[in-house]
Amino acid sequence: MSEPTAMSEQTLLSLRVLARLLDYPTAELQDAAPEMIEIIVAERRLPAAQRRALIDWCQRTQHANLLDIQAEYVGLFDRGKATALLLFEHVHGESRDRGQAMVDLLAEYEAAGFVLDARELPDYLPVFLEYLSTQSEAQVGRWLGEIRHILALLAARLEEREADHALVPTALLGLIGAEEDIQAHRPKVKEEEPDHTAEALDAVWEEEAVRFSAESDEDCALQSAEGRRRAERKNEVASQTVRIMPAPNATSAAIER
């Protein structure tokens with residue numbers, strides 16, 4: 001992996017902690033909770049309220065029944081796509097553009113000397129955060145600016161599910177001073193039909209019959225319209241590079257436990 005430059009080691013470690021908090025929970029994660037708490041406490045770039053919430057979550061994870069939090073994780077991320085941790089799922093869906101976007105992201109990884117584990121897709125958010133933890137502050141700011149709309153939407157949807165995991169995209173937005181972005185998505189998210197219920201999953205299964213060709217001119221038109229709709233939705237969000245928020249002046253890195 002490439003060496004980070006011009007960015008505090010503490011912030012790099014914080015990105016890795018946030019990545020781990022989005023992973024499938026294991027006994028190893030529970031054992032690592034005290035170390036993760038120490039890193040979060042020392043991360044001065046995050047607002048105090050966000051650090052406190054992350055610390056509380058780590059403590060709950062450490063003492064929780066492992067089977068319970070594993071079942072919660074599966075229900076949250078393995079049912080439906082609204083809370084997917086695959087970044088491009090929220091932008092490209094199943095279109096061809098997603099494949100090209102992943103090829104481009106892989107090229108970024110390779111150029112930076114970041115070796116990807118073959119078990120995960122390149123746009124899996126924990127993997128992406130691991131990559132960012134090897135990069136300079138300017139690169140981290142550029143990438144978080146690029147995906148801030150995805151993070152805000154994901155945070156709003158996880159909030160609606162009352163999931164602690166909403167704290168991760170919220171913290172990432174906090175690093176660039178963009179927590180307020182979430183508010184713009186909350187009203188729409190409240191009106192969304194849940195896609196993780198048994199009924200919704202059955203409906204998706206019935207609708208996703210594999211089709212290798214259009215059967216009529218009308219089908220072709222519908223497929224083209226869907227392609228245009230996805231392209232228009234993608235172009236609605238302008239690329240936006242931002243800076244990582246500076247750490248406030250403070251004489252102590254500790255926060256009240």
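**Figure 1. His185 and the residues it touches.** In this predicted model, leaving out residues up to four places away in sequence, His185 touches His149, Ala152, Leu153 and Ala156. His185 itself sits in the loop between α11 (167-175) and α12 (186-191). Is His185 buried or exposed? Its relative accessibility is 18%, so His185 counts as buried.

**Figure 2. Where α9 meets α10.** Welcome to a helix pair. Two packed helices are described by the angle between their axes and by the distance between those axes. For helix α9 (residues 137-146) and α10, the angle is about 60 degrees and the axes are 4 Å apart. That angle makes α9 oblique to α10. On the α9 side, the contact is made by Leu144, Gly145 and Glu146. On the α10 side, Arg148, His149 and Leu151 take part. Sorted by class, the contact of α9 with α10 has 2 nonpolar, 2 polar and 2 charged residues.

**Figure 3. α3 alongside α4.** Here is another pair to explore: helix α3 (residues 33-42) and helix α4 (residues 48-63). Their axes come within 9 Å and cross at roughly 175 degrees. At what sort of orientation does that leave α3 to α4? The crossing makes α3 roughly antiparallel to α4. From α3, the contact draws on Ala33, Pro34, Met36, Ile37, Ile40 and Val41. From α4 come Arg51, Leu54, Ile55, Cys58, Gln59 and Gln62. By class, the residues of the contact of α3 with α4 divide into 9 nonpolar, 2 polar and 1 charged.

**Figure 4. His63 and Gln30.** His63 lies in helix α4. With a relative accessible area of 64%, His63 is exposed. Along the chain, His63 and Gln30 are 33 residues apart, while their C-alpha atoms are separated by 7.5 Å.

**Figure 5. The largest nonpolar core.** How many residues does the largest nonpolar core have? It has 61 residues. Those with the most contacts inside this core are Leu125, Phe128, Leu129, Leu132, Leu144 and Leu172. Helix α10 (residues 148-160) gives the core its largest share, 8 residues.

**Figure 6. Helix α8, enclosed.** Take a look at helix α8 (residues 125-132). Of its 8 residues, 8 are buried, so α8 is largely enclosed by the rest of the structure. The buried residues of α8 are Leu125, Pro126, Val127, Phe128, Leu129, Glu130, Tyr131 and Leu132. Which residues does Leu132 contact, leaving aside neighbours within four places in sequence? They are Leu12, Leu15, Val140, Trp143 and Leu144.

**Figure 7. Leu12 in helix α1.** Leu12, one of the residues in contact with Leu132, is found in helix α1 (residues 9-21). Leu12 has 1% relative accessibility, so it counts as buried. Although Leu12 and Thr134 are 122 residues apart in sequence, they are 7.2 Å apart in space, C-alpha to C-alpha.

**Figure 8. Glu162 and its positive phi.** Most residues other than glycine have a negative phi. Glu162 is not a glycine, yet it has a positive phi of about 55 degrees. This residue's place is in the loop between α10 and α11. Is Glu162 buried or exposed? At 74% relative accessibility, Glu162 counts as exposed.

Figure 9. Across the chain, the mean pLDDT is 79, and 71% of the residues reach 70 or more. Over residues 198-206, pLDDT stays under 50, and the model has 6 contacts beyond four places in sequence for this stretch. Residues 250-257 also have pLDDT below 50. For residues 250-257, the model has 17 contacts beyond near neighbours in sequence.

**Figure 10. The chain behind the close-ups.** To place the views above, here is the whole chain. Its secondary structure comes to 14 helices and 0 strands. What share of its 257 residues counts as buried? The buried share is 42%. Among contacts between residues at least 6 apart in sequence, 71% join residues at least 24 apart.

Notes. Residues are numbered from 1 along each chain as its sequence is written. This is a predicted model: local features need pLDDT of at least 70, side-chain atom pairs count only at pLDDT 80 or more; totals for chains, interfaces and linings use all residues. Side-chain values use heavy atoms; hydrogens and water are left out. Axes are lines fitted to C-alpha atoms, for helices over the stretch in contact, and angles run from 0 to 180 degrees between N-to-C directions. Helices (H or I, at least four residues) and strands (E, at least two) are DSSP runs, numbered from the N terminus. Angles under 35 degrees count as roughly parallel, over 145 as roughly antiparallel, 65 to 115 as roughly perpendicular and the rest as oblique. Contact means heavy atoms within 4.5 Å. Ala, Val, Leu, Ile, Met, Phe, Trp, Tyr, Cys and Pro count as nonpolar, Asp, Glu, Lys and Arg as charged, and the others, Gly among them, as polar. A nonpolar core is a set of buried Ala, Val, Leu, Ile, Met, Phe, Trp, Tyr and Cys residues joined through side-chain atoms within 4.5 Å. Buried means under 20% relative accessible area, exposed over 50%, partly exposed in between (1.4 Å probe, protein chains only). pLDDT is the predictor's confidence in each residue, from 0 to 100.
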